[in-house]
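Subject: Handing over the structure

Hi,

Here is the structure I promised to pass on to you. Have a look at it first, and then read on for what turned up.

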Number of protein chains: 2
Amino acid sequence: MNTVLNSKPILYLGIDGGGSKCKARVTDEHHQVLGTAVAGPANASNNFDLSLASITESAEMAMVDAGFKKTDLANVIAGIGLAGVNLPGAYKAMSEWQHPFARMFLTTDLHIACLGAHGGEQGAVIIAGTGSCGCLYTDNKTAIYGGHGFPYGDKGSGAWMGLQALQTILLAGDGLVEPTLLTEKIERQLNASGLSMVETMVGASPRQYGKLAPLVLEAAQQGDAAATAIIKDGASYISAMARKLLDDKPARFSMLGGLSEKLIPWMDDDIIPQISAPLDQPDAGAIYFAESSLKAQQ
Amino acid sequence: MNTVLNSKPILYLGIDGGGSKCKARVTDEHHQVLGTAVAGPANASNNFDLSLASITESAEMAMVDAGFKKTDLANVIAGIGLAGVNLPGAYKAMSEWQHPFARMFLTTDLHIACLGAHGGEQGAVIIAGTGSCGCLYTDNKTAIYGGHGFPYGDKGSGAWMGLQALQTILLAGDGLVEPTLLTEKIERQLNASGLSMVETMVGASPRQYGKLAPLVLEAAQQGDAAATAIIKDGASYISAMARKLLDDKPARFSMLGGLSEKLIPWMDDDIIPQISAPLDQPDAGAIYFAESSLKAQQ
């Protein structure tokens, strides 16, 4: 299954490492997918060691899936797009990793998502899932908005919606704001109420908060005022971010992430028609990144 | 130094166990303070084992300070007011502790703060420090508002202010809200800027967020719009909580906690004249609690 170029096999590994899972694909130089795999969380700033383990595991499994040995990783050109390496400390630590690949090119999960969405070309994307952020890559400019993390950033994201919802139902429980449909929905999902519900959420992760987001969207669709206010506030922020990205005239703009489809109808009318469907996955973007980084060095 | 009643020495231990420290006092039955001590954090729901260790350490040190042996704890009537035991799981676990005292009476840190503030009598208090909450103890009613914890509760608290401030300067950094004085102040205090600042605050504790609160108050006093909006939003919530407490006609109402003095001027005009100065400390309230609980059982 090896692809040979000038009698030397060229294999690419694309890694899309996020906060909840790490996806890997192995391709030849024609972008033909030879093997894929998924491993655990890989956010480099949340848990660096776990990130290394997930990258390694997914890479090895993808190689085996492609019919190679794990040790053949020594021959691959790896493009690694990783959550958390937007923070300088995590980027430095990951760059210094004694990796098992022939070459490693490291960038953010945002960058590979953007490259994937636009088929390896430049453009802009907003990712709205557990977290939220926007990024733009053009000849003249690279820009990243948001993506700062939970609980201080990621407005409009699933985790942010869940946090807003929990804040609201606690205030409602004290009679300090109007009652809301969110109370019953969240109590049912957490299988707890009042202080037991709080106990369930002590130290909860962004993902756990994000699991409350569908309830907020559901309550907003049912006309609940508190839920509607949360969604409108979040969508208004995402629209403002989109407007900033579009100011720089990207060739294409896409919305990605598990929440984007449900969020788009709440976004501003001037933004919605400018959203293009994504063309490919972030792990394909990681391959594009490895390929262009290698070319740039040759 | 032992006090003897019916040829049996009666010693009281009062424990005020909070999220950052645990205060202990030993008194005789006339509330005469014989010894005091301070140990580490004691929030029972944040870290149960640490809470037990801090209670034990502060109790033993207060006994030694009073001229007794540590083992004399076996003779004391302990009143323990503890952060975190408002959550049912933590209350149950703490109640089942094989404690070293003759008797242990357990209640919340709120309850002993309220008893202390009103000299052992009933009333209402709002505590605004790292966290925020209000409570009321009258013959007819016990009520607790807020105090749910960070990041979903404790609006108007120091931790809440710090989180709002960080959220705001991240949005300002992206050009998505107006520039604010908070940016420079917080960057200076954290000795970091932009993404490095975010890295500093990854997984930050409520106390770390609370350390940003004085900067918000300072910026608001300098007329900064974003900081003023944060303080007004927080003070408005605290005023609404005060109004709910005052609805039940407590004999006295006090504001406690490290932030209360600075917050009071921002509170609603109808509330401010109804605030009475606190009479005594929470660890004195723990002694009142032990005393009345013992009497109720006799």
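Please keep in mind that this is a predicted model.

One is formed by W97(A) and F101(A), whose rings sit edge-to-face, with 5.9 Å from centre to centre and 85° between the planes. Are these residues buried or exposed? W97(A) is buried, because its relative accessibility of 13% falls under 20%. F101(A) counts as buried too, at 6% relative accessibility.

Another pair brings together F150(A) and Y209(A): the ring centres are 4.9 Å apart and the planes meet at 40°, so this pair is tilted. The pair connects distant parts of the chain, 59 residues apart. F150(A) lies in the loop between β10 (142-146) and α4 (158-173) of chain A, while Y209(A) belongs to helix α7 (residues 206-210) of chain A. F150(A) is buried at 18% relative accessibility, and Y209(A) is buried with a relative accessible area of 1%.

Now to a spot where two chains meet. Helix α2 (residues 88-95) of chain A packs with helix α6 (residues 194-201) of chain B, at an angle of about 90° and with the axes 8 Å apart. The angle makes α2(A) roughly perpendicular to α6(B). Which residues make the contact? From α2(A) they are P88(A), G89(A) and A90(A), and from α6(B) they are L195(B), S196(B) and E199(B). By class, this contact has three nonpolar residues, two polar and one charged.

Enjoy exploring!

Best wishes

Definitions and conventions:
Residues numbered from 1 in each chain as written. Chains lettered and ligands numbered in written order. Predicted model: local features only at pLDDT ≥ 70, side-chain atom pairs only at ≥ 80, totals over all residues. Heavy atoms only, no water. Axes fitted to C-alpha atoms, helices over the stretch in contact; angles between N-to-C directions. Helix = DSSP H or I, 4+ residues; strand = E, 2+ residues; numbered from the N terminus. Parallel < 35°, antiparallel > 145°, perpendicular 65-115°, else oblique. Contact = heavy atoms within 4.5 Å. Nonpolar A, V, L, I, M, F, W, Y, C, P; charged D, E, K, R; others polar. Phe/Tyr/Trp six-rings, centres within 6.5 Å; stacked < 30°, edge-to-face > 60°. Buried < 20%, exposed > 50% of the residue type's maximum accessible area, 1.4 Å probe, protein only.
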